[in-house]
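The sequence and the model are shown first, and a description follows.

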Amino acid sequence: MIEVKDLVRQFKSGDRTIKPVNGVSFELGKGALASIVGKSGSGKSTLLSLLGALDKPTSGDVVVDGISLAGLPDSKLTEYRRRDIGFVFQQFKLIENLSAVDNVMLPMEFAGVRKSARAQRARDLLEQVQLDPEKHSRRINRLSGGEQQRVAIARALANEPKLILADEPTGNLDEQTGEHIIELLSSLSRNHNTTILVVTHDRSLARKADRRFRLLQGQLSEEVTAGT
Amino acid sequence: MSVLARSVGNAFRNKIRTAAVVAVLAVAIGLALSMLVANQAVSAKVQELNASVGTVLTVNPAGGQGFEGGGEPLTAAEAATAAAVSNVDSVVGTKALRLRTETTTSDTTGTAAGAAQPGGGGPGGQTASVTTSLTAAIDAGTLGNRNNAGNTTTGTGTGQVRTFALPITATGIGAEVDTAGKTLDITSGTGLGNYAAATTKALVGTTLAEKNHLKVGSTFTIAAKAFTVAGIFDAGTTFGNNAVYLTLPEAQALAETPGELSSMVVTVNSMENVDAAKTALQAVLGTGKADVTQGQRNLATAVSSLNSVKGISLVAYIAALATAGLIILLIMVMLVRERRREIGVLKAIGARNRTIGLQFVLEALVLVALGSVVGAAIAWFASGGIASALISSNSTTGATAQRGSGGFGGGFGGGFGGQGGPFGGATQLLTSVTASASPGVIAAGIAAVFAVAVVGALVPALLTARIRPIEVLRGE
């Protein structure tokens, strides 16, 4: 479903050239749950940005369902993000003056979903991530960090994307809620054929993944698990 | 939540800042609307003046005017000559008659009732007295009896005593205008239709109609001939409403002076050409044949000053509009810069550039709508004073502002007279300029504000298209 070919992203920093992603290649099939671990600054977030078409690679390509992202104009990349990608950002990136349910409805609004349908689905998703119904209409800045994280996950699921890119999705959650989110992501990959790529420091989440990668100095290597 | 709802919500995100922005916008919009009201009021006044005496010249027989003086009557041929003069828009001939009530005609001359009396009304055969069934709406009073004492015969040897009554003025006109060239204000009924043909239809002044219990369709007689009231007009003065208008050929026939004119009302195409047209008319008609006069010599100066006010108010209106646009532009640029992170997030989750741009334009329009409401209120209270101040600054005399009882703005009356001032001599015409604007004018003003706001908001909205989500997200 997703094929990453010799992906390189480099930046200039003064006289130095930095390559947070340096020749990364891998493939993920539909419904796969994969994790990437690595130290801070190892290029994990940059790699997610490239896969989610938020950034353009210096070289290499990402091919999704046979379509090369490298050749797409900005408008098509926006459509790709809207239709096929669900992001869970490390710092939530929610719209603070909107309510939880309004935040979850945003991607559906951009996709042209009817207002009544998107309101109902937004509430369903917030229930799935175990956000107290009383807090559905509460403004984001009046929710705790963990609650905001759950809203961010619900927003990522809004348009039933093919690929969910999650940057530390359980980082701000208590153990119990974190477990629930891991279960939710696992069931999505199993039951809805949703491909999920998670960047995490959470060993338990990483262990749940079908495939585990390690990013070190821009280079990706797959950890071979017992039994594979 | 729709784009509109989100825009409205964003407009009130920071209430203190929104209040400040709305206040600044309201001042600019209020000033723009006040200037528009002033501009419209002055424009209307200039138009009114130009449409009446401002560009009108009166041609009388040399040595004669109305029922006074002497000389030779004007003719239709001279009207044609006058019409050929350059810058002359139109020439309307008039024929004046004096109507005397039938019951008062048993005078010492013994003239038969109903017969025309050429020369009876004044020297040179300028007017003709004929009888009528109408009774004048004005009592002679002290002034009438004093003015007509020389013409009244009482206690003659025959034993007939003449009871004096004021005559009624009947004027034959070649178009639907009064003797000053102003379009007749017909309050009921219709005009006379073809003013170039003889007809037994007549227009009657309001007070004369009331005095004689006349309505549209009623009949009365002039020289024993029945006339039907086609319409009733309001001249705006008691004297002016004690009058009858007939078609020019009909009046000439009643006076038994076909082709003769009592005067000509000449309309010039613009204020600037009045002096040149007057000189040219005097030249072609001859100084011994006709006197050409201008109603208000100083009107050109007055109108020139009003035009100056009009120009200033227009410039101020445009400047205030531009200021409103600039305020919107700067505010929205600030908001776009402030919300770069949010714009980046919206793009990251699939928002199109046009959706985000529209959101900012709508937010700007919400601010402008609020500013327009407050600005309209400011204009309501301030337009009269602002317009008054504008006029004061363009004349050597002050203008007293007074707010009207209804509608937008009010009046700013008086102040145009004064010896040596630019309006000197035109006081009677420029007694007041009323700063009142129709809802259409205000709606047009607000529409212009919105148009400028859209332009002002488009620039920052387009700036949002240049924000790349990764730059914003990476920046954190």
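## Overview of chain A

Chain A has 228 residues, of which 48% count as buried. The model described here is a predicted one.

The secondary structure of chain A consists of seven helices and ten strands. Among the contacts in chain A with a separation of 6 or more, 70% are accounted for by residues 24 or more positions apart.

## The four-stranded sheet

Chain A contains an open sheet of four strands, paired antiparallel in the order β2-β1-β4-β5. Its edge strands are β2 (16-28) and β5 (67-68) of chain A, and each of these pairs on one side only.

Strand β1 of chain A, residues 2-13, runs antiparallel to β2(A), and nine bridges join the two. Within β2(A), A:Glu27 is the residue that stands opposite A:Glu3.

## The helix across the sheet

Helix α1 of chain A spans residues 44-51. This helix lies across β1, β2 and β4 (59-64) of chain A.

## The side of chain A that touches chain B

Chain A and chain B are in contact through 19 residues of chain A and 16 residues of chain B. On the chain A side, the elements that give two or more residues are α2 (74-84) and α3 (100-110) of chain A. The most is given by α3(A), with five residues.

By residue class, the side of chain A that touches chain B comprises nine nonpolar, four polar and six charged residues.

Notes:
Residues numbered from 1 in each chain as written. Chains lettered and ligands numbered in written order. Predicted model: local features only at pLDDT ≥ 70, side-chain atom pairs only at ≥ 80, totals over all residues. Buried ≥ 20, exposed ≤ 12 C-beta atoms within 10 Å, placed from the backbone. Contact = placed C-beta atoms within 7 Å. Pairing = 2+ DSSP bridges. Axes fitted to C-alpha atoms, helices over the stretch in contact; angles between N-to-C directions. Nonpolar A, V, L, I, M, F, W, Y, C, P; charged D, E, K, R; others polar.
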